[in-house]
Each structure stands twice: as C-alpha cells, then as structure tokens.
Amino acid sequence: MSDQIKFIVDNLNKEPFRKNYNLITFDSLEPMQLLQILNDVLAEIDPKQVVDIREEMPEHTAKRMLSLLGILKYKPPGNATDMSTFRQGLVIGSKPVIYPVLHWLLQRTNELKKRAYLARFLIKLEVPSEFLQDETVADTNKQYEELMEAFKTLHKECEQLKTSGFSTAEIRRDISAMEDEKDQLIKRVERLKKRVETVQNHQRMLKIARQLRVEKEREEFLAQQKQEQKNQLFHAVQRLQRVQNQLKSMRHAAADAKPESLMKRLEEEIKFNSYMVTEKFPKELESKKKELHFLQKVVSEPAMGHSDLLELESNINEINTQINQLIEKKMMRNEPIEGKLSLYRQQASIISRKKEAKAEELQEAKEKLASLEREVSVKTNQTREFDGTEVLKGDEFKRYVSKLRSKSTVFKKKHQIIAEFKAEFGLLQRTEELLKQRHENVQHQLRTIEEKKGISGYSYTQEELERVSALKSEVDEMKGRTLDDMSEMVKKLNSLVSEKKSALAPVIKELRQLRQKCQEVRGLREECLQEESRYHYTNCMIKNLEVQLRRATDEMKAYVSSDQQEKRKAIREQYTKNITEQENLGKKLREKQKAVRESHGPNMKQAKMWRDFEQLMECKKQCFLKQQSQTSIGQVIQEGGEDRLIL
C-alpha cells in the first residue's frame, strides 16, 4: 500500500497536475479533496470531466465517474457485493477505493486518453426496435453506423501514418515546393502563349505539337510493350531450356536405369505425393483454417489495451496450472493399460513427427534443387551470351578455383610488399627533406657567423679537408682488405642475385602474360570506343538523312497535290514566287537606271548653271556689303547693266 501511495504522490507532483504533495499531506486529505483529485485525473484523461464536485450532487458525481471508469474498462476487485461497496466508497471518497483507482489511472494515462477519445465516437447508441420501424430513424441509424465504420478505418490509417515515419514538416515543404513549381510553370506557359500568339499559324503549330506529343507518348508505350514482350520471350526461352534440360535428364535417367529401378522410383514418388495429399496438406489446411478463424475472431473483437493483455495472460496461466494439475492427477492414478497405450501413442506421435519432418525436409530439398537448377540455367545462359564459352564443371572448375586462389594469395602478398615499400619510401623521402632543410639552415647560420668573424669560407675548407681525409681513410681501408674477403663478398652477391632471379622468374613470366592481356584489353577497349563513336556518327547521319528524306517527300506531296493551298506551301512554289518578285524588282531598277542615264547630261548642266548662279549672287552680296561698309568716296551710277564710279 505504501508503494502505491508513493507512486500516486510522485505522479501527482509531476506535469500536468503539479500538486506538491508528500506522503503525509496526501494521506491526511479529506474525502471531498480525494474525490476532487480523482476528478482532476479523470479530467486529464477526458476533458469533459472538468467539474467542481462541490457544485455537483454526490449521486451525479458517482454516476459520471462510474460510467467513465466503465468506458475505460476498469474492473474493481471482488464480486457483486464488492461492487456495491465500491460504489458506496466512491460516493463517500473512501481511501481503500480511491487509491487503487488513482494508481490504475496514473499507470496508463496515455493509453486511457486514447481510449476515452475513441469512446466518444465508437460507443454505439442503442435505439429501441420500435423506433427503428420508422424509415427516417432507420436511415439515420444506418448512416450513423456507416460513419462509425468510416471513423474506424480513418483512425487505423492515421495510426499507421503516425508509425510509418512520415514527417508533416517534410510534407508541407514538399507541398510548398510543388506550389512554387506550379506557379513558375503557369508563368512560363503564359509567357510562351504570348510569344506564340505573335507567330503566324500558331494554332496549327500547337495542334501539330500536340500530335507530336501524343505520338511520342505512343512511341514510349510501344517501346514499353516491346520490352515487356522481350522479357516474356526471355522467360519463355528460359522455360523452354528448363523443360529441355528436364527432358534431357529424364532421357538420361531412362537410358541408364532399368525398369525395376524406374518402377521403384515411381512408387516412392507416388507414396510421397499420396502422403503429402492425404495427410500433410489436409493437416496444414486445417491448421491454416484454424489460424484464419482465430485471426478473424481477434479482428472482430474491440481493441485491447495493456490491462486486457495482462488479464488474458493471467487467465492463460491459470488454465495452464489447471492442465498441469489434471496431468498430475492422471499420472497419480498410474493405470497399467493406459500407461501402455500412452507409450504406444507416444511412439506413434514421435514416428509421425519424424515422418512429417522428413517430408518437409524432402519438400524443401526439392524446392531448393529446382531453384538451384533454375539459377544454374540462367547463369549458363548469361555466360554463353557474354563470351560464348561453356561453363566449367566438376574437376575443371575446382582446378580453376584453386589456381585463382593461389594467384590471389601471391598477388595479395606482392601488393602488401609494394605498399610497405611505398610507405617506407615516403617516410625516408620526408626524412631526407627535413634533414636537407635543417642542413641548409645550419649552413646559412654558419656562413653569417663566419662573415661576422671575418673568416668566410672556413667551414667549406674544413668540410673539404674532412671529406679528403675520409676518402683517404676509406682508400686505406679498401687497400687493407684482403682479396679473399672481396671474392667471398662477390660469391655471396652472385648467389643472392641468382636466388632473387629464380624467385622472380615465375612472377615476371606471369606479369608479362598479364601485360599482354592488359594490352589486348586496351586495344579491344579502344576498338570498342571507335566503333561506338562510328555508330553514333552513322546514327546521326541516318537521322539527318531521314529528316532530309522526310522534307523531300513532304515537298513532293505538296508539289504533286491538287490542293492549291497545299501547293502554295511547297518550297518550290515559294522559291519560284521569290524569283518572280526579284525579277520584277530588277526590271523596275533597270528602267529607273535607264531614266537616270537619259536625264544625267541635262541635269548636270542645270546643276552647273545653278552653281554659277550661286557664285554670282554671292559676289553681288559681297559687293553690296563692301559698298555699305566703305565711306562715300564717289558716286556709283548704274546704266544699262553697268556700274560707273564718279569721283
């Protein structure tokens, strides 16, 4: 009881209640306060229960709480007399009644919320049969039941979608992206419509484009049908090959076997098939029917919660204990005849189980053999189509596999050695770079110090002296060696070289073969690329020629057609029309040129006279201006078109 109270207090102190109780304060609550806490917990499960019980009659409170607990499938402990005690305790707020209810509700709050939500829509209203005689009431009731079934299906789909992993945010993003794409497509369509409306015969061109799209879709559909027919043909060929292989194997078996062995084999197959048909398959069918009946029964029952499952498990355990007790009682009787029969029954059941197991193993082996034969036939067909060679079988394949394994092991070893050499080379190279850099820095510092001290070149001369002395010591050591040591060293080197050559000879030989194969593969690959480019080039040329041929046929059809409208669309007619227009234009230009040539002389003479007239008028203007600007020296008299100056 203390654990129960502690659990209730801990849950009431959490969200969403936040009561801030401890064990003492909770235990000292009044019955009315306990009923209010129970009502708050029920209100959290079903929002319709939000009521202040001080403003409600105790009978109404008890009735409301009992109805909700009945919907939530709460089962109070005890029999019918205890049920009346439970109702009285619920009315007066008794702690032995309230505490178990609170503990049960707080254990499964989320599950009970879901059950309360579903109860609002799935609790069927019982309509009396006399009211159902009315057609309106019957139709409304039928519609009500249909809506209830629709709600069940929609709720199942909703639960499946919740557990399927779809995210509403992702769906909203996809919807917004699709709406943006839709707006962009609408704008593009409007722009294209505006652009197309300016083109002549745009309606006809749109009709032709629509027909082209329909033909392309038809072409894709025909290509899909062609591919499906190819697949069907491939499967039919495979089936034919499989049947031919079976016929070949049967002929081979019939040729090698005797009639007695064939009859024996057929009798075994008949026994096996009759056992499968008369014993095994009916049992499996009966078990499947039972399983289907059980599943249908489970589906027809309402949804079960965790408490229902616990109750079922307790019932199962009780039944199992009863069965074990009955078995123990039966064993205690120890009847000898029944014991012998049980022994024989046990042996018979063991034999039947073994028989069923062997039959299942035989059936699985047959199915596996058939699948393996199908895979072998498919693989042989693929290899035959790939390179035209037969598949290796038996000892040849084993030898080939062993050879490949040996080569792969040798290759892995050599590859590992090469990788080690590369890693060591990289490490040494990096070390060399670091040492060179450090040496250069030291040399630079040494040169600066020598320049400061006034002895530049000292280190270089010192190094030269050390090098010469080292060379001299080496020469002296070389002179000090004996001829026997030199000859022994030469022998060792020769033996090592010969060993390395003998060890590397097969590898070099294989490497040469692999190089030859690699060169052949490269050559074939280059030829394949050349042939592929040639194929694409010829394909493009064929398409160009097809387009030209189509244009030529369209031109011939338009030219030969009796329809004048179609004839005008021909290129020849358009070119002839352009030629006539250009000829008329040239004729007009020649006439204009002739008129210009005829009027050229008089026009040039008239232009010269006009220029002379302009010069004369300019001269008069200048003279008049001079006359106005000069002082009156004399008198100018004009007579007979002459000017005279009198001083």
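Guide: Helices (H or I, at least four residues) and strands (E, at least two) are DSSP runs, numbered from the N terminus. Met178 is found in helix α9. This is a predicted model: local features need pLDDT of at least 70, side-chain atom pairs pLDDT 80 or more, while totals for chains, interfaces and linings use all residues. Residues are numbered from 1 along each chain as its sequence is written, and side-chain values use heavy atoms, without hydrogens or water.

Visitor: What makes Glu311 and Lys75 a salt bridge?

Guide: A salt bridge needs a side-chain nitrogen of Lys or Arg within 4 Å of a carboxyl oxygen of Asp or Glu. Glu311 and Lys75 meet at 2.9 Å, N to O, so the pair counts. Glu311 is in helix α12 and Lys75 in the loop between α4 and α5, 236 residues apart.

Visitor: Why is Lys75 called exposed?

Guide: Buried means under 20% relative accessible area, exposed over 50%, and partly exposed in between (1.4 Å probe, protein chains only). Lys75 has 55%, so Lys75 is exposed.

Visitor: Why is Glu311 called partly exposed?

Guide: Its relative accessibility is 32%, so Glu311 falls in between.

Visitor: Arg115 and Glu111 also meet in a salt bridge. Why is Arg115 called buried?

Guide: Arg115 has a relative accessible area of 13%, so Arg115 is buried. Glu111 has 25%, so Glu111 is partly exposed. Both lie in helix α7, 4 residues apart, about one turn of the helix.
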